[in-house]
There are 2 protein chains.
Amino acid sequence: MTHLSDLNTPAAVVDVQRMLRNIQRMQTRADSLGVKFRPHVKTTKCLEVVKAQQAAGAHGITVSTLKEAEQFFAAGISDILYAVGMVPAKLPQVLAMRRRGCDLKIITDSLAAARSIAAFSAENNAALEVWIEIDSDGHRSGIEPEADLLLDVGKTLHDAGVHLGGVLTHAGSSYECTTEEELRELAEKERAGAVRAAERLRAAGLPCPGVSVGSTPTALYAQRLGGVTELRAGVYVFFDLVMHNVGVCRTEDIALSVLTTVIGHQEEKGWAIVDAGWMAMSRDRGTQKQQRDFGFGQVCTEGGKLLEDYLVTSANQEHGIVSLRSGVDPQIAERLPIGTRLRILPNHACTTGAQHPEYHAIDQKSDALSWPRFYGW
Amino acid sequence: MTHLSDLNTPAAVVDVQRMLRNIQRMQTRADSLGVKFRPHVKTTKCLEVVKAQQAAGAHGITVSTLKEAEQFFAAGISDILYAVGMVPAKLPQVLAMRRRGCDLKIITDSLAAARSIAAFSAENNAALEVWIEIDSDGHRSGIEPEADLLLDVGKTLHDAGVHLGGVLTHAGSSYECTTEEELRELAEKERAGAVRAAERLRAAGLPCPGVSVGSTPTALYAQRLGGVTELRAGVYVFFDLVMHNVGVCRTEDIALSVLTTVIGHQEEKGWAIVDAGWMAMSRDRGTQKQQRDFGFGQVCTEGGKLLEDYLVTSANQEHGIVSLRSGVDPQIAERLPIGTRLRILPNHACTTGAQHPEYHAIDQKSDALSWPRFYGW
């Protein structure tokens with residue numbers, strides 16, 4: 001059995017207990033709010049993690065690429081929502097998957113795409129299922145709940161015999177919230193926008209069985225989800241420093257870290273140089289504009305104890321610079337001698353995970369299991 | 001044969017003609033300066049690219065991880081310099097590779113590591129080859145050329161029977177230069193620092209056959225390399241927008257781009273949404289603090305023509321937002337309708353490439369060959 005202390009560095013380490021606690025926390029919320037939970041697997045792209053989410057009670061998955069859909073369908077998961085706007089060129093792959101028995105749902109937020117989907121559906125006698133993307137917070141994609149376009153898109157699809165599965169929205173601006181009040185308000189705005197869109201579709205005689213909402217922060221702060229059928233969230237499974245700054249987790253909830261080794265020093269500068277650079281941490285500086293900037297990550301001991309004043313303050317490809325958040329530690333070479341192993345909490349679990357071919361999952365006994373993850377499109 | 005127009009998006013595309021021109025440019029410089037050229041393969045981690053570098057005249061390779069060393073040694077390349085500070089835990093792997101016939105050289109810049117290497121070498125009767133890392137510009141790692149430590153490290157290794165291969169330095173601060181004069185001055189500083197360190201070692205009776213310098217900008221602007229034996233550079237093979245801002249390449253020299261498809265719009269905001277988000281572009285915002293900020297990348301047509309005013313101005317995991325550099329284009333949906341394919345020039349070829357399992361290499365006839373790349377440690 002491999003132990004934490006045997007792992008080559010840098011390595012992505014998952015604290016399984018923390019992960020299971022995070023999974024349970026979100027599932028319990030969905031259960032108590034009376035909605036299904038559909039985790040977004042883009043965070044981990046890892047079957048072992050997704051199995052734990054399903055075991056806790058999740059219904060189906062959300063994916064951000066057709067590669068994720070293919071991989072998880074091959075692993076036996078059939079109820080899949082591909083939550084990125086569909087383009088004509090990707091329809092043949094979607095149809096092929098559905099014909100192989102995958103209950104793959106696609107989304108759209110434009111008349112142009114809806115028309116392409118309708119035409120493709122008619123030409124290929126394809127029983128596609130489409131959900132309409134709603135913009136509930138001006139964050140990115142989606143149709144405004146009150147827009148005429150909503151009904152135009154719905155009718156275009158419905159009239160062509162496409163199955164309208166529902167509406168979905170993602171209040172991505174929740175990452176910019178910093179107080180519980182803001183989070184509660186945004187969660188309600190997300191809910192209300194999606195429900196309003198569904199009501200308008202139904203009032204126009206169009207089917208809209210599903211109403212799907214979610215982002216990690218709004219999912220954790222929604223007070224009620226009346227009219228909603230399912231909740232989606234991704235990064236909650238590991239959490240990270242960005243989520244900590246948003247206020248939805250403690251640092252002790254962060255289940256992903258990067259194990260690294262001190263490889264050198266520049267004593268006059270107060271630097272310890274480690275073998276976790278941006279290749280291991282990612283270039284994500286998500287905390288840069290938040291209330292607390294964690295550089296490229298928060299330094300912990302190998303055992304996971306926070307070394308609160310030390311950050312990875314700079315990063316090259318395979319070199320990270322560990323130093324005090326501010327000021328110079330003249331004793332850094334004695335404090336963290338060459339060979340010292342540290343663990344770094346990441347700004348963003350999705351980007352940091354994506355740099356690694358596998359997670360090393362550590363349970364209570366500190367055994368490390370290799371949990372492969374995939375990448376690409 | 002696959003053509004550019006058949007590729008699934010997002011995809012990393014390599015313009016082979018540009019790449020070969022970049023390779024030739026650097027090799028010609030090394031030849032005319034009278035030094036060997038040892039490319040840094042961390043940029044591509046791709047055998048096909050490295051084969052082209054070797055075919056043009058490169059001697060050996062530089063690597064940033066032992067995984068790179070293992071992969072390229074398995075592909076038949078034996079002369080390998082591992083240019084990240086050695087730590088005791090990685091010595092057994094190094095020794096195993098050397099015993100399998102790999103001429104793998106390691107580096108150090110501290111007495112603590114030198115002592116570990118010396119002890120390991122003695123215990124294992126290992127004929128290791130170590131180069132001493134020199135700090136020529138205060139950028140990151142290395143021993144200052146005039147420091148007593150230099151001789152202490154040299155003696156510690158030499159006395160233990162370790163083969164001293166030479167000194168190496170990397171003027172990484174060249175990325176902050178913006179004028180030819182600064183680049184020439186820094187190149188000379190890099191050269192002078194490494195040569196001075198070599199002279200001091202030799203004067204102390206220690207061997208120092210190799211003197212290795214380089215970074216893409218200094219390699220391209222060095223006026224003379226007296227006393228130097230080899231040059232190293234990595235990103236020159238593809239170049240990128242950061243290098244363009246430094247002033248060492250034109251946008252027409254950038255050989256790597258990300259092919260993407262328009263998947264939606266927010267017309268009032270002047271946005272086209274594409275399927276290249278940060279997962280395809282990386283989170284690297286290397287041009288942010290430079291003279292010209294390119295957001296997450298410069299937009300081009302599918303054929304590669306610059307759409308000068310359009311950038312990827314924001315990115316989520318699988319969504320990029322294309323908009324005018326400044327201002328709102330009210331016609332963006334007509335200009336770039338859904339399904340339009342674009343190519344995005346990246347800020348940083350090393351980070352963007354790392355997001356992709358393969359490059360799609362396009363030659364003059366626009367055939368796309370799959371060139372796999374690896375990742376991990």
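A:Lys45 counts as buried because it has 23 C-beta neighbours inside 10 Å; a residue is buried if 20 or more other C-beta atoms lie within 10 Å of its own, exposed if 12 or fewer, and partly exposed in between, with C-beta atoms placed from the backbone. This residue, in a predicted model, is found in the loop between strand 2 (36–39) and helix 2 (47–55) of chain A. Helices (H or I, at least four residues) and strands (E, at least two) are DSSP runs, numbered from the N terminus. Although A:Lys45 is not a glycine, its phi is positive, about 45°.

A:Asn125 also has a positive phi, about 50°, without being a glycine. It lies in the loop between helix 5 (111–124) and strand 6 (129–134) of chain A, and with 8 C-beta neighbours inside 10 Å it counts as exposed.

Residues are numbered from 1 along each chain as its sequence is written, and chains are lettered from A and ligands numbered from 1 in the order in which they are written. Because the model is predicted, local features need pLDDT of at least 70 and side-chain atom pairs count only at pLDDT 80 or more, whereas totals for chains, interfaces and linings use all residues.

**Chain A as a whole**

Chain A has twelve helices and 17 strands. Its radius of gyration is 22 Å, close to the 21 Å that the globule rule gives for 377 residues, so chain A is as compact as a globular protein of that length. The radius is taken over C-alpha atoms, and the rule is 2.2 Å times the number of residues to the power 0.38. The C-alpha trace spans about 70 × 40 × 35 Å along its principal axes. Of the 377 residues in chain A, 58% are buried. The average pLDDT, the predictor's confidence in each residue from 0 to 100, is 96 for chain A, and 99% of the residues score at least 70.

**The nonpolar core**

A nonpolar core is a set of buried Ala, Val, Leu, Ile, Met, Phe, Trp, Tyr and Cys residues joined through C-beta atoms within 7 Å. The largest one holds 250 residues, of which A:Tyr82 and B:Tyr82 touch the most other members. Leaving aside residues up to four places away in sequence, the contacts of B:Tyr82 include B:Val63, B:Leu66 and B:Ile107; two residues are in contact if their C-beta atoms, placed from the backbone, lie within 7 Å.

**Two chains together**

In the interface, 43 residues of chain B are in contact with 43 residues of chain A. Strand 10 of chain B gives the most to the side of chain B that touches chain A, with four residues. The predictor gives the complex an ipTM of 0.96 and a pTM of 0.97.
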